[in-house]
Amino acid sequence: LKLYDGSPLGRYYMGVYYAQQGDRARAIAQWRKLLAEGSPNLYWKDRVRKSLVALQEEMRLEAEKAQGE
């Protein structure tokens, strides 16, 4: 990731790393910052959006499961 330091791709993968390490809040913050930058139609933003939605859905399902226990 040092090769991509500061680039959108590198920062996206840092978000993936944070999510895999269980630091979901940091992953979400990373991806939201990326989405706030530049044109909304940049080619890489779709991947970021999909990852963000998937992580938030995973968190929602876990919260629902925890409430049901």
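Predicted model: local features only at pLDDT ≥ 70, side-chain atom pairs only at ≥ 80, totals over all residues.
**Overall picture**

- The C-alpha atoms fill a box of roughly 45 × 25 × 15 Å, taken along the principal axes.
- Of the 69 residues in the protein, 26% are buried.
- Looking at contacts with a separation of 6 or more, 36% come from residues 24 or more positions apart.

**α1 against α2**

- On the α1 side, the contact uses P8, R11, Y12, M14, G15, V16, Y18 and A19.
- Facing them from α2 are R24, R26, A27, Q30, W31 and L34.
- Sorted by type, the residues of this contact come out as nine nonpolar, two polar and three charged.

**α1 against α3**

- Here the angle is about 15 degrees, and the axes are 11 Å apart.
- α1 and α3 are therefore roughly parallel to each other, as angles under 35 degrees count that way.
- This crossing, too, is left-handed.
- α1 brings L9, Y12, Y13 and A19 to the contact, while α3 brings R47, V48, S51 and L55.
- By type, the residues of the contact of α1 with α3 split into six nonpolar, one polar and one charged.

**The nonpolar core**

- As a bit of background, nonpolar side chains tend to be buried together in soluble globular proteins.
- In this model, the largest nonpolar core has eleven residues.
- Its members are Y12, V16, Y18, A27, I28, W31, L34, W44, V48, L52 and L55.
- Each of α1, α2 and α3 (45-68) supplies at least two residues of this core.
- The largest share, four residues, comes from α2.

- Is Q30 buried or exposed? Q30 counts as buried because its relative accessible area is 12%, which is under 20%.
- Q30 lies in helix α2, and beyond its neighbours within four places in sequence it is in contact with R11, M14, G15 and Y18.
- R47 has its place in helix α3.
- With a relative accessible area of 45%, R47 falls between the 20% and 50% cut-offs and is therefore partly exposed.
- Which residues does R47 touch, not counting residues up to four places away in sequence? They are L9, Y12 and Y13.
- R47 and Y12 are 35 residues apart along the chain, and their C-alpha atoms are separated by 8.8 Å.

Technical notes. Residues numbered from 1 in each chain as written. Heavy atoms only, no water. Contact = heavy atoms within 4.5 Å. Nonpolar A, V, L, I, M, F, W, Y, C, P; charged D, E, K, R; others polar. Core = buried A, V, L, I, M, F, W, Y, C linked by side-chain atoms within 4.5 Å. Buried < 20%, exposed > 50% of the residue type's maximum accessible area, 1.4 Å probe, protein only. Axes fitted to C-alpha atoms, helices over the stretch in contact; angles between N-to-C directions. Parallel < 35°, antiparallel > 145°, perpendicular 65-115°, else oblique. Left-handed = near helix turned anticlockwise from the far one by under 90°.
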